[in-house]
Amino acid sequence: MDDEVVIARRCGAMTGGTPPRRSRGRLADEVYDTLLGQLMSLRIEPGSRVTIDALVRELGVSQTPIRDALNRMEAEGLVVRVPHAGYRIPPQITRQRFEDMLELRLLLEPAAARRSAEHASLEQVAGLRRMLEEMAELEEGNGLMAYGAFGLRDAAFHDLVALSAENQVIREALARLHTHVHLFRLLHDTRVTHLAMAEHEEVLAAIAARDPDAAAYAMRRHILLSGERFRRLFDEVKGADGME
C-alpha cells in the first residue's frame, strides 16, 4: 500500500466513530488505528486498563486482530502488558522524556524539511496542503474527538514531510518517537491547534517554494515554539503540585 494512502487512512480512523472495516488482512491495522485515535482523543485515559474482552464487545471483532494490534502498541510503548490483567495505558510522559524527544526532533526534522524542499513531488506538496485544510476544519470543532483528530493529522503532516524527504531512516526514527501521541495526550488546549496551524503554513510555504534553508528554519522554529508551549504545561503542573 502506498505510504500516503496509509497516512490518509490512519487519519480517517478518528473521523467516523464507527467500528473498523472488516477488510481481510487489514483488520489488525484498523483496530490499531481505532485504538490510536482513542488515545489521542483521551477517550482511553492514561493509567486506565484495557482488556481484550472489552474491546471485542466494543469493536465487534475477534480477539486475534485485537491481540495483534495491542502487541504492536506494546512494542511501540503505547500500552503496557500487565500479567493476567490485560493491558494498561502508560502515564503521561515525564519532563525528561519530553526534553529528550524535543532534542532529537530538532536534530532530525529540520533536516527532513530541508530535503523535502529539494525532493518533494508536486503530489506530495498537494498532499501537505490538503492535510492543512483538513486541520483547519478540525480546528473549529469542539471536544476531545476533534482535538484528537487534529493531533493525528498533525502527526501525519510531519510524517509526510519526512516521507517526501526521501530518507527512510529519518522517517522511521521519528515514527518510533510517537511524539504527537504523547504530546497531545498531555492536554486539551485549542491554543495548541491555532498556533501550530500558522507554523505549519510557514513550513509548507517554504517547501512549495523549493527553499531548503527557509524550510529547515521554519521547521526548527515550529518545534521550538511547540516545545515552549508544552514546557509551560509541565511548569504549571509542577506549580500546582507545589501549591498542594
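**Reading helix packing and burial in a predicted model**

Of the 244 residues of the protein, 47% count as buried, and the model discussed here is a predicted one.

Me: How should I read the packing of two helices, and at what angle do H2 and H4 pack?

Reply: Two packed helices are described by the angle between their axes together with the distance between those axes. In this model, helix H2 (residues 27-40) and helix H4 (residues 63-75) pack at an angle of about 55°, and their axes are 8 Å apart. Roughly parallel would need an angle under 35 degrees and roughly perpendicular one of 65 to 115, and H2 and H4 are therefore oblique to each other. The crossing in which H2 passes H4 is right-handed.

Me: Which residues of H2 meet which residues of H4, and how many of the residues in this contact are nonpolar, polar or charged?

Reply: From H2 come Leu27, Ala28, Asp29, Val31, Tyr32, Leu35, Leu36 and Leu39, and they meet Pro65, Ile66, Asp68, Ala69, Leu70, Arg72 and Met73 in H4. By class, the contact of H2 with H4 has 12 nonpolar and 3 charged residues, with no polar ones.

Me: Turning to a single side chain, where is arginine 231 placed, and is arginine 231 buried or exposed?

Reply: Arginine 231 is in helix H11 (residues 212-243). Burial is read from the relative accessible area, with buried meaning under 20%; arginine 231 has 17% and is therefore buried.

Me: Which residues does arginine 231 touch, and with which side chain does the side chain of arginine 231 make a polar contact?

Reply: Leaving aside residues up to four places away in sequence, arginine 231 touches Arg95, Phe98, Glu99 and Leu102. With the side chain of glutamate 99, the side chain of arginine 231 makes a polar contact at 2.9 Å.

Me: For a second case, in which helix does alanine 198 lie, and how does alanine 198 count by relative accessibility?

Reply: Alanine 198 lies in helix H10 (residues 190-208), and, at 45% relative accessibility, alanine 198 counts as partly exposed. The C-alpha atoms of alanine 198 and histidine 222 are separated by 9.2 Å, while the two residues are 24 residues apart along the chain.

Technical notes. Residues numbered from 1 in each chain as written. Predicted model: local features only at pLDDT ≥ 70, side-chain atom pairs only at ≥ 80, totals over all residues. Heavy atoms only, no water. Axes fitted to C-alpha atoms, helices over the stretch in contact; angles between N-to-C directions. Helix = DSSP H or I, 4+ residues; strand = E, 2+ residues; numbered from the N terminus. Parallel < 35°, antiparallel > 145°, perpendicular 65-115°, else oblique. Left-handed = near helix turned anticlockwise from the far one by under 90°. Contact = heavy atoms within 4.5 Å. Nonpolar A, V, L, I, M, F, W, Y, C, P; charged D, E, K, R; others polar. Buried < 20%, exposed > 50% of the residue type's maximum accessible area, 1.4 Å probe, protein only. Polar contact = N/O pair within 3.5 Å; in protein donor to acceptor, adjacent residues only side chain to side chain.
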